[in-house]
Amino acid sequence: MCGIVAAVAQRDVAPLLIAGLKALEYRGYDSAGLAVLDGGQVRRVRAKGKVREMEALYLADPLAGGTGIAHTRWATHGVPNEANAHP
């Protein structure tokens, strides 16, 4: 089942979003992603597989921003891959 987490704060929200997705892992999913508003630009990171795989990509190239959304997806449409990961 899909899970969605959003946050608005006076600090970088990506760590909060990742923690939120980890709390929803029990629901089952096949891909994960997050998007943050960074200086007027939406930046995102997505990955097939577990939240930890998406988190590793985030740690390699961190996203900074005080507004964001994160999503886990269950493949009810399309194959599980990065292109079909949300958001």
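Accessible areas come from the Shrake-Rupley method with a 1.4 Å probe. For this predicted model, the accessible surface of the protein comes to about 4,800 Å². Carbon and sulfur atoms hold 57% of that surface. Of the 87 residues in the protein, 40% are buried.

The protein contains 2 helices and 4 strands. Along the sequence, these elements follow the pattern β-α-β-β-α-β. Among contacts with a separation of 6 or more, 60% join residues 24 or more positions apart.

The largest nonpolar core comprises 19 residues. Those with the most contacts inside this core are L17, L21, L34, V51 and M54. Two or more core residues come from each of β1 (3-8), α1 (14-23), β2 (31-38), β3 (41-48) and α2 (51-60). Helix α1 gives the largest share, 4 residues.

In general, an α-helix has 3.6 residues a turn, so residues three or four places apart point the same way.

Beyond its neighbours within four places in sequence, L21 is in contact with G3, V5, A32, G33, V51, M54, A70, H71 and T72. Two of these partners, V51 and M54, are also listed with L21 among the residues with the most contacts inside the core.

Notes
Residues are numbered from 1 along each chain as its sequence is written. This is a predicted model: local features need pLDDT of at least 70, side-chain atom pairs count only at pLDDT 80 or more; totals for chains, interfaces and linings use all residues. Side-chain values use heavy atoms; hydrogens and water are left out. A nonpolar core is a set of buried Ala, Val, Leu, Ile, Met, Phe, Trp, Tyr and Cys residues joined through side-chain atoms within 4.5 Å. Buried means under 20% relative accessible area, exposed over 50%, partly exposed in between (1.4 Å probe, protein chains only). Contact means heavy atoms within 4.5 Å.
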